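Thanks for coming. I will keep this short and go through the bonds, the core and a few backbone points in turn.

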Amino acid sequence: MKRKEVENNKRLPFMVDFLLYLLLTTAVCLTSIPQYSIASADSVGSSPIFYDSFDQSFEGHWIVSEENDYNGVWRHSKSEGHDDYGLLVSENARKYAIVKELDEPVSLNHGTIVLQFETRFQNGLECGGAYLKYLRQQEVAGWNPKEFSNETPYSIMFGPDKCGSTNKVHFIFKHKNPVSGEYIEHHLKSPPPAPSDKLSHVYTAILKPDNEVSILVDGEEKKKGNFLLADDFEPSLIPSKSIPDPDDKKPLDWDERAKIPDPDATKPDDWDEDAPLEIEDEEAVKPEGWLDDEPKEINDPDAAKPEDWDEEEDGEWEAPTIDNPLCEAAPGCGEWKKPMKRNPAYKGKWHPPLIDNPNFKGIWKPQEIPNPHYFELDRPNFEPIAAIGIEIWTMQDGILFDNILIANDGKVAESYRMTTWKPKYEAEKEKQKSEEELSGFQKVVFDLLYKIGDIPFLDAYKLQIVEFIDSGKKQPNVTIGTLIPSAVVTLVICYKILFGGKKPNVATKEGRTDSAAAINQGRTGEKGEEPEREATAAAAARRRRANRRET
């Protein structure tokens, strides 16, 4: 092996280590970027009626349902990219149920009530719900937290739900009919769609004393409705005054036909019901060049019987057929027949024309009777809420619930929204924007880094390199800003290592060395020796002057 190759091989481990150092430096720069910290509830001025930031584990104050169907595992987990914790749906294709009992029941019938919570679909959402149920009192409704399920009675259900064509932010309230005693679900009509991206979103429902409810998504009002109006809720909270009589029956002689066949009409004498729809075109003429004696298909002349064909087992071999090449140049082959055309005499089956029915009475409806369950009220009579439950079925994991709040003032909810949700959302939007705006140059850089990771002699470090690159893609501008100067330094050092040895002095025509090159080399690499050379030169000059005086 040549000496130069040996030296280069010795330098190779150093280059690998330096490359890893370069990637590690970039990773350290990325991890040194501070994550967004979220203000705690204590930093917000007014106090809500209920608030859970999930800064502490949910275990011990939230109760997981023990019903067999609900086998999904809840986790206390950080929101991706933040130091903020939440309640996490950790497995896909599972049913989940968990409940939190309030210290005191909350009345919904006096003043303003605000219901608010955050949720984030960290892995997206194809099919699943992320809504909350505000449950009625146990002693009144008769339920047990450990048996919490979809049958547990609630007063309000609120939050996003998406699956297939369904994509909405539910707002459903259950109200007791004071006459019948029956609890009826009332759904907000035309609810707003739910965001299905991977960002944190906050959902707010404001119940006002003027019977109005406002639905906000990320602090922006998306829907407004009135509890008492039939145009806003289905079915209407206040039932109709009359209903169809369930005992009323349609009379046997009731004729609902608006038109009837004319009983006096007769079929015309020239109407031939047996005439065919199509007949031969008698005026058609066979095209010139038609090959009557040529078949449309012929045996393939190039086909040969397979060598392993056994006629006793496989039967007599027949060549496969192909389209007759002679027919391709001709108008057609085989027996020519006249084409069919529509029969001008065809009229089809005769039916008598329709006339107005003289006995028509219209579409029958049962008569209206007073609604025995009718009632009137000026304001809904909501049942107090005594607990908050999450009872969902989802095909996606990674759903994170956070900052669940009940307040009696919209400004309190807004302050929490701006303090706890807004910083996270802005950080996630900025990250999303940077990822979407990954320029062509940035793509080239990261593609090159991945190719470096595929170099065979780096196989032992490939996993670490890929992790560094993936981490760097989350902050591409910082990554490239760190890599470029580091790469320049690396290239310079590598160049010095490979080609930076001392060069022989170039001889001039007189056989002397190029002193200018030597001086330049000394100036760039040996600045520390300049004072010594200057002192030596000065001493030599003094000796020359002394010699001249002696002569």
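A disulfide here is a pair of cysteine sulfur atoms within 2.5 Å. This is a predicted model, in which local features need pLDDT of at least 70, side-chain atom pairs count only at pLDDT 80 or more, and totals for chains, interfaces and linings use all residues. Residues are numbered from 1 along each chain as its sequence is written, and side-chain values use heavy atoms, with hydrogens and water left out.

By the disulfide rule, the count is two. The link of C127 and C163 is left-handed, at -80° about the S-S bond. What does this pair tie together? C127 is in strand 7 (residues 127-129) and C163 in strand 9 (residues 154-163), so the link joins parts that are 36 residues apart in sequence. Strands are DSSP runs of E, at least two residues long, numbered from the N terminus.

Next, exposure. Buried means under 20% relative accessible area, exposed over 50%, and partly exposed in between, with a 1.4 Å probe and protein chains only. C127 is buried, at 12%, while C163 is partly exposed, at 34%.

The other pair is C327 and C333, with sulfur atoms 1.8 Å apart. Their link is left-handed too, with -120° about the S-S bond, and both C327 and C333 are buried. Counting bonded cysteines along the chain, the pattern is 1-2, 3-4.

Now the core. A nonpolar core is a set of buried Ala, Val, Leu, Ile, Met, Phe, Trp, Tyr and Cys residues joined through side-chain atoms within 4.5 Å. The largest one has 58 residues, and Y134, F158, F171, F401 and I406 have the most contacts inside it. Strand 5 (residues 94-106) gives the most to this core, six residues. Another core, of nine residues, lies apart from it and includes I206, L405, V412 and Y416. In soluble globular proteins, nonpolar side chains tend to be buried together.

Last, the backbone. Most residues other than glycine have a negative phi, and most peptide bonds are trans. Which peptide bond is cis here? The bond from E234 to P235 is cis, with omega near -10°, and P235 lies in the loop between strand 15 (233-234) and strand 16 (242-244).

D218 is not a glycine, yet has a positive phi of about 55°. D218 sits in the loop between strand 13 (212-217) and strand 14 (220-226). N403 also has a positive phi, near 50°, but lies in strand 25 (residues 399-407). N403 is buried, at 4% relative accessibility.

Technical notes:
Helices (H or I, at least four residues) and strands (E, at least two) are DSSP runs, numbered from the N terminus.
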